[in-house]
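Visitor: Hi, could you walk me through this one?
Guide: Happy to, let's have a look together.

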Amino acid sequence: MNNWDVIIIGAGLSGLGAGIRLAIANKKVLMIEQHSVVGGLNSFFVKNGILYDVGLHAMTNFVPRGAPHHPLTQLCRQLRIPYEALQLEEQRASKIQFPGVTLTFTNQFEQFLSDVRIYFPQEIDGLLKLDAAVMAYDDRTLEPTPFISTCKTLPQWIHDPLLQNMLLLPLLYYGSAHTDDIDWRQFCTLYKAIYKEGFARPKGGIRPLLKLLVQQYHTYGGVLRLKTPIQSIVLEGNKATGVLLQSGEVLHAHRILSSAGYLETQALASSVTKAPQPTLSFVETITVYPQPPQALGLDTTICFFNQQSTIHYRTPESLIDLTSGVICIPENYGTHPAQKTTLRTTHLANYTAWKRLSPSDYAINKQSCLKQSRMHAFELSQGEEPSSVLGEDVFTPLTIERFTGHRQGAIYGSPDKRYNGSSGYENLYLCGTDQGFLGIVGALLSGISIANYRCLKG
Ligand SMILES: Cc1cc2nc3c(=O)[nH]c(=O)nc-3n(C[C@H](O)[C@H](O)[C@H](O)COP(=O)(O)OP(=O)(O)OC[C@H]3O[C@@H](n4cnc5c(N)ncnc54)[C@H](O)[C@@H]3O)c2cc1C
């Protein structure tokens, strides 16, 4: 079969969301993925017998079953997946840690308000007004909106620069593609997803969730081809009509949805492409210890830390910037006691500096960043670093680029989002990170909304 209603480039979360939606609507849909596994930026791998999640700290947007008008509920309905099948375990408590002040938040917004009341009593009215403004903002529209600086907008309601920075830190780290700032629209999306809704984790990590999504896609007749890199998009004039696989096979489709990224999709469609602008990228470390988190003094689910009073959310001069970052302990979800501890850390990184290293220096620096980062995490958590580890791994911006095709390892894509999915070519639309919805829930919703809007409407 060579003629499809829709071909989807990429079996990451946005591709899967779009694929299920289209298959449910009885479309002949083919999803094509270059790798041997699905998931893209949020996949899994096994190393020395240990299963690792590539990118799962938290599934944001947690709400209890049936909570109306929330993204998670909408997602389950659109994909016809029962809420229980997600097997979500809630976070215990997360922190925003700055010098001298730590704010705790859980999936109950009241907890966060009460901490703000204690440390910033003069700001509580402002926070409630900010909250009302964010909740009234329509961040789900597919209409394009111009960039609005949150750093310039926030002082309308929050006057203390320390609280401004504390509110910003988790949202920057979980979704901003802008240096030292975040678009107001993205701020509103992430504020709701993180502070108002909350964090959960599918039991067993990302693998069971991906399995569930692929099963659902197949149940409705969707076709998936793995290990199939697409070499280019076939055009007739300005109209996309199909894809050319690296194997030389050509497949035709009425519409093509691409989750590869805006510039990456342009490169597939044309030999003349813009040079990528420098983008923010990150290093992620993972270490597994044979003791439970409490025995190591690690009782927080996620800690967003910054060791200065201002935030430097920008590409560092050096390979990584240890002065701010994220520490995540996946075992600190749910209520069951854990046997081991997985310590995940995230730091801003410099793609060009990593790229310049020789292969041997690259390996040495990866190992040294891993050691420094976890030592730092234990110091910040005032925990005890054990001498033995069960397993460890590090991803640099180069790893992310190599495995997902995202140039410069840009997890949050281009700063310019294309909310309506337009690619500049007829019948070719973007979904995923560069369309503007980020993270697991965001990417799934991006796929669903672009499938609905560009392929099913009318
Ligand atoms: C280290 C890390 C930590 C993260 N932590 C979290 C978290 O805790 N919570 C959260 O919600 N989100 C997190 N994220 C972000 C989240 O994973 C992404 O926002 C989301 O997965 C993006 O999905 P996507 O479908 O837009 O893109 P992708 O996952 O990148 O999917 C695109 C797919 O297209 C494929 N592709 C590209 N080009 C081609 C081609 N030419 N031919 C065939 N296939 C192609 C790629 O291989 C890839 O599988 C994290 C990401 C990383 C890397």
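**Contacts, a helix and domains**

Visitor: Which residues is Ile8 in contact with, leaving aside its neighbours within four places in sequence?
Guide: Ile8 touches Gly15, Ala18, Gly19, Val29, Met31, Ile32 and Leu257. Contact here means C-beta atoms, placed from the backbone, within 7 Å.
Guide: A word on the source: this is a predicted model, where local features need pLDDT of at least 70 and side-chain atom pairs count only at pLDDT 80 or more, while totals for chains, interfaces and linings use all residues. Residues are numbered from 1 along each chain as its sequence is written.

Visitor: Now helix α11, which residues are buried there?
Guide: Lys366, Cys369, Ser373, Arg374, Ala377 and Ser381. Buried means 20 or more other C-beta atoms within 10 Å of the residue's own, again placed from the backbone. Helices (H or I, at least four residues) and strands (E, at least two) are DSSP runs, numbered from the N terminus.

Visitor: What do they pack against?
Guide: The buried residues of α11 pack against β13 (281-289), β14 (302-306), β15 (320-328), β16 (341-349) and β17 (391-395).

Visitor: And just after α11, which residue takes a positive phi?
Guide: Gln382, at about 55 degrees.

Visitor: Switching topic, how far apart are the C-alpha centres of domain 2 and domain 3?
Guide: They lie 24 Å apart. The assignment, automatic or from a database, puts domain 2 at 95-197 and domain 3 at 278-404.

Visitor: How many residues are in contact there?
Guide: 16 residues of domain 2 are in contact with 16 of domain 3. On the domain 2 side, α6 gives the most, with 7 residues.

How values were computed: Two residues are in contact if their C-beta atoms, placed from the backbone, lie within 7 Å. A residue is buried if 20 or more other C-beta atoms lie within 10 Å of its own, exposed if 12 or fewer, and partly exposed in between; C-beta atoms are placed from the backbone.
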